[in-house]
Amino acid sequence: MRTRRLGTTDREITPIGLGCMQFSNIGAGGRFYGATSRDTATAIVRTALDGGVDWFDTAEMYGGGHSERTLATALRDLDVRPGDVAVATKWTPALRTARSIGATIGDRLDALQGFPVDLHQIHMPFGALSSLASQVKAMARLQRRGRIGAVGVSNFSAAQMERAAAVLAAEGLSLASNQIQLNLLHRDAESSGVVATARRLGVTLIASSPLRSGLLTGRFHDEPERLERVRFIRRALGRFNRRTLDRTRPLIEELKRIAAAHGASPSQVALAWVVTFYGDTVVAIPGASRPEQAAEAAASGDLVLGGRELDRLDEASRGLSHAR
Ligand SMILES: NC(=O)c1ccc[n+]([C@@H]2O[C@H](COP(=O)([O-])OP(=O)(O)OC[C@H]3O[C@@H](n4cnc5c(N)ncnc54)[C@H](OP(=O)(O)O)[C@@H]3O)[C@@H](O)[C@H]2O)c1
């Protein structure tokens, strides 16, 4: 996989990373996908590494540190050394002030068991108890002190990104990334100006849920009875229902046609699209519930789609954002 730069930092990362919300086991993240055993998590991480993936996204919120600990344990079990891969985690802002960013960095580093926080992200733009500017300044302090490698945000609008970048610029630093939902069924980042702003500022967009929580694999279109087995929170938030399947079926058929031409799967084509269509601005962090899924995702980083194929997917997915 040809690497690309994280924002304007010196760090290069593969276009495909591994999302680790699947290792939450408890809390909202755990309720979304269910539990992943330590052995399965290690097998998923091993498969991702074998496929060339060189960075991992986790968060404090994913099981209150459980995902961070599981990821770090897997990396250690696999004899990966700190510095061999990049780790991105996130601070949870809900019901907290900016002071907690500095107060909790030790917990993050403890959970990561020797792996550095290469990218620390503000998980969502909650400014109720302290302004976003003071949160970004607290992140800047951590970077200046060498406790984190770079500062990122998540779920920030174009205007919020702009403000975060300005606060960091005043500190002599830059905003590395904004993690947002971006996939063939959720392209709001284009109309909202997030993509254009990221390009202008040199910020990397990290596409979360790049498979739209599994819908873009085509598995549910092929076997709609699978919908009943999806956990409630994933079904509700991901709009896993028959109407969504009906509306999105033409896109899935297009994904299948392109996949067949490449000897690939629809999910690989969906991932290749999101990390190609927007140029080097976008990288993706597909999650995996099983090792084979991580292998498939990693291989998509080498899948080259032609210009006409990108256009066909662009056309087939227009108007489907927020498909209900
Ligand atoms: N910043 C934020 O607010 C935010 C929000 C959400 C997610 N995230 C991040 O983004 C990452 C990815 O998002 P996500 O996990 O929600 O969604 P996703 O990557 O779109 O979907 C992952 C799920 O799709 C299914 N899947 C994956 N590959 C497959 C394949 N080849 N064949 C069949 N099914 C496959 C698996 O579920 P099953 O096998 O169980 O069906 C897997 O757990 C998360 O891990 C997290 O790091 C961030």
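Good morning. A residue is called buried when its relative accessible area is under 20%, and exposed when that area is over 50%. With that cut-off in hand, I turn to a predicted model.

Let me start with a pair in helix α11, which covers residues 242-262. There, R257 and E254 lie three residues apart, about one turn of the helix, and their side chains form a salt bridge with an N to O distance of 3.3 Å. E254 counts as buried because its relative accessibility is 12%, whereas R257 is partly exposed at 49%. A separate network, built from salt bridges that share partners, joins E60, E68, R96 and R108.

In the whole structure, 20 salt bridges are found. Among them is the bridge between D280 and R2, whose closest N and O atoms are 3.6 Å apart. This pair links distant parts of the chain, 278 residues apart: R2 precedes β1, and D280 sits in the loop between α12 and β10. R2 is exposed, at 60% relative accessibility, while D280 is partly exposed, at 42%.

Next, R144 and E171 approach to 2.3 Å between their closest N and O atoms. Here helix α5 is connected to the loop between α6 and β8, across 27 residues.

Finally, the overall fold. The protein has 14 helices and 10 strands. Its radius of gyration is 19 Å, close to the 20 Å from the globule rule for 324 residues, so the protein is as compact as a globular protein of that length. Buried residues account for 55% of the 324. Thank you.

Note on methods:
Residues numbered from 1 in each chain as written. Predicted model: local features only at pLDDT ≥ 70, side-chain atom pairs only at ≥ 80, totals over all residues. Heavy atoms only, no water. Helix = DSSP H or I, 4+ residues; strand = E, 2+ residues; numbered from the N terminus. Rg over C-alpha atoms; globule rule 2.2 N^0.38 Å. Buried < 20%, exposed > 50% of the residue type's maximum accessible area, 1.4 Å probe, protein only. Salt bridge = Lys/Arg side-chain N within 4 Å of Asp/Glu carboxyl O.
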